[in-house]
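Here are a few notes to read alongside the model. Take them in order, with the structure open next to you.

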Amino acid sequence: MNVQQWQSMSERERVEWVRFQEWQHAQSRVAQSPDPQQRAPWAAAASAVRSPHHVQLGSRTARRLLMAASSGIVLILAMTVIAAIADLAAPPTRTVSGVMTVVSGSGSLYSDSSYGVCTLSGGYDDITAGTTVTVRDSSGTIAGVGALGNGAGSSYGCAFSFTVDDVPVSDFYTVEVGHRGEVTFTDAAVRDGDLRLSLG
């Protein structure tokens, strides 16, 4: 290399060129030496030239990294496919939600507060927060169980909301609050939500 070529090189290119020359010199020295132990300095010189983050294409390490990356991608794809199949295999469900209202004007209705939380007495004291709400499908099988929430008083009466999740789809459903008898609703009505039941 002449002076002009050296001056035209960047600082990084000069460092790399010096390292390459050292590596060539070390390799030549090992090739001329009959002593096998002389290979250790050559290996050290070769590793010094390489960047610690450098992976040579086609090397065993590169192949291992490629295989690991490929395995990870295959695993992610497999998990995605399994999840999609599970979603397709799972039967569709409905959320059955609505309100049970005990209408004002009944002699057995008593409200602690006309416009707040209310409780019932007399013949309606079984309708309270926590009372079981049972949903059956068209075959009469219990498809879901929930409970009434707190009663909310109003001028109209005492209303208790309820929600029963993950009810398998059926042509129609029967809803029973406590032991007050079943009321039947179509699947379309359940999809629309806000079912209305009343007593009194």
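1. Read along the sequence, the pattern is α-α-α-α-β-β-β-β-β-β-α-β. That gives five helices and seven strands, taken as DSSP runs numbered from the N terminus (helices: H or I, at least four residues; strands: E, at least two).

2. A word on the ground rules: this is a predicted model, where local features need pLDDT of at least 70, side-chain atom pairs count only at pLDDT 80 or more, and totals for chains, interfaces and linings use all residues. Residues are numbered from 1 along each chain as its sequence is written, and side-chain values use heavy atoms, with hydrogens and water left out.

3. Now the sheet. Its seven strands run in the order E6-E5-E2-E3-E4-E1-E7, forming an open sheet with mixed pairing; two strands pair if DSSP finds at least two bridges between them. At the edges sit E6 (182-186) and E7 (195-199), each pairing on one side only.

4. Inside that order, E1 (residues 93-103) and E4 (residues 157-168) pair in the antiparallel sense over 10 bridges. One example to look up: Val96 has Val164 in E4 as its bridge partner.

5. Have a look at Glu176 in strand E5 (residues 172-177). Is Glu176 buried or exposed? Glu176 counts as buried because its relative accessibility is 14%, and the cut-offs are under 20% for buried, over 50% for exposed and partly exposed in between (1.4 Å probe, protein chains only).

6. Beyond its neighbours within four places in sequence, Glu176 is in contact (heavy atoms within 4.5 Å) with Thr132, Val133, Thr134, Arg136, Gly181 and Glu182. A polar atom of the Glu176 side chain lies 3.4 Å from the backbone nitrogen of Gly181.

Definitions and conventions. A polar contact is a pair of N or O atoms within 3.5 Å; within protein, one must be able to donate a hydrogen and the other to accept it, and residues adjacent in sequence count only if both atoms are side-chain atoms.
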